[in-house]
Every structure is written in C-alpha cells, then in structure tokens.
Amino acid sequence: MKPIFPKLEKYYSEKWKNKKRDVSIALVNIMLYKMNKGSFIDLGCGFGSYMSILREFGRKGKGFVATVYEAKACKAKGLDVDVADLNKKINVSDGSFDNAICIDVIEHIKNNKVFMGEVYRILKKGGKLLI
C-alpha cells in the first residue's frame with residue numbers, strides 16, 4: 001500500500017499510536033437493529049471499531065481509510081480494509097452493499113455531492129446509510 005495523504009499518514013503514525021476510538025452504543029444499536037441485515041461498507045472506518053463489533057454479530061463488511069497506518073491496524077484485526085481517497089470514485093462495484101456507515105467522516109469530505117453520489121452508487125436498491 002502506498003500512502004495517499006503523506007502528512008496525515010505521518011500524523012496518525014506518530015500521534016495516534018495505541019489510541020482507541022470511543023464507540024457509541026447508540027450507533028451500534030442502530031447498526032444492528034435499524035439497518036438492513038446483510039453486508040456493509042464502512043467509509044472512513046478508522047481503526048475498525050465498528051467493523052469489529054458488527055463482525056461479532058455475523059455481519060460482513062469492507063472498510064476504507066485515509067492512511068496506510070489505519071489500514072494495517074485493521075488488517076491486523078482480520079478486517080477487510082483498504083486505503084482510499086473518499087473525495088474520489090471508490091473502487092467498489094455498483095450495488096455491492098446493503099448498508100453504508102460513515103461516522104465522523106462527512107465533515108472531512110471536500111465535495112459532499114460527489115461523495116453522496118458514490119454512496120448511492122455503491123448501495124443496493126433499498127440500502128441504508130448511517131452518517
């Protein structure tokens with residue numbers, strides 16, 4: 001994997017070493033009980049906190065992060081995560097996922113219209129998005 005945001009990569013590898021992201025129980029409940037059963041994509045999954053929890057409940061998912069550092073941490077947990085610039089086309093087939101999760105990410109997106117178009121493209125018909 002090659003870093004796509006070198007400054008951010010440096011920040012994460014130096015400042016976020018051994019830090020954990022807080023998990024919202026309310027969001028987990030929404031993910032488990034209000035969203036569609038089936039697959040999910042976690043756009044901006046960080047260190048995979050929500051992906052790990054959903055996996056424990058039998059959900060299959062794919063995640064994308066901005067840094068190689070985060071991706072390696074997720075892969076060490078056995079999560080399917082790749083590095084991507086979410087401001088551009090995401091390398092995922094049309095209609096691939098039942099749900100999309102985007103927690104604490106949208107404020108970092110430069111063009112929300114393009115991003116939301118990508119989310120719509122990636123979701124199956126009737127898919128749900130949690131922001």
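Me: Quick one to start: of the 18 residues in the largest nonpolar core, which touch the most other members?
Reply: M31, V81 and I103 do. Bear in mind that this is a predicted model.

Me: OK, helix 2 then. Which of its residues are buried?
Reply: Helix 2 runs over residues 25-33, and L27, V28, M31 and L32 are buried there.

Me: Why are they on the same side of helix 2?
Reply: Because they cover an arc of only 130° around the axis. As background, an α-helix has 3.6 residues a turn, so residues three or four places apart point the same way.

Me: Nice. What do those buried residues pack against?
Reply: The partners of helix 2 are helix 3 (49-56), strand 4 (97-101) and strand 5 (123-130).

Me: Which residues are buried in helix 3?
Reply: S49, Y50, M51, S52 and L54.

Me: What happens just after helix 3?
Reply: G58 sits there, and its phi is positive, at about 85°.

Me: Let's switch to D42. Where is it, and is it buried or exposed?
Reply: D42 belongs to strand 1. D42 counts as buried, because its relative accessible area is 3%, and the cut-off for buried is under 20%.

Me: What is D42 in contact with, leaving aside neighbours within four places in sequence?
Reply: Y50 and M51, then K62, G63 and F64, and also I101. Y50 and M51 are buried residues of helix 3.

Me: How far apart are the C-alpha atoms of D42 and L129?
Reply: They are separated by 9.9 Å, while the two residues lie 87 residues apart along the chain.

Me: Among contacts between residues at least 6 apart in sequence, how many join residues at least 24 apart?
Reply: In the protein chain, 65% of those contacts do.

Me: Changing topic: how many cavities of 30 Å³ or more does the structure hold?
Reply: It holds 1. The largest cavity has a volume of about 40 Å³.

Me: Which residues line the largest cavity?
Reply: M31, M35, F40, L54, R59, N99 and I101. By type, the lining divides into 5 nonpolar residues, 1 polar and 1 charged. M31 also turns up among the core residues that touch the most other members, and I101 is one of the contacts of D42.

Me: Last thing, the overall layout. How many helices and strands are there?
Reply: The protein chain has 5 helices and 5 strands. Along the sequence they follow the pattern α-α-β-α-β-α-β-β-α-β. Of the 131 residues in the chain, 42% are buried.

Methods
Residues numbered from 1 in each chain as written. Predicted model: local features only at pLDDT ≥ 70, side-chain atom pairs only at ≥ 80, totals over all residues. Heavy atoms only, no water. 1 Å grid on protein atoms, 1.4 Å probe; cavity = no way out; pocket = protein on both sides within 12 Å on 5 of 7 lines; lining within 4 Å. Points joined across faces, edges and corners; volume = space filled by probe spheres on them. Nonpolar A, V, L, I, M, F, W, Y, C, P; charged D, E, K, R; others polar. Buried < 20%, exposed > 50% of the residue type's maximum accessible area, 1.4 Å probe, protein only. Helix = DSSP H or I, 4+ residues; strand = E, 2+ residues; numbered from the N terminus. Arc of directions from axis to C-beta. Contact = heavy atoms within 4.5 Å. Core = buried A, V, L, I, M, F, W, Y, C linked by side-chain atoms within 4.5 Å.
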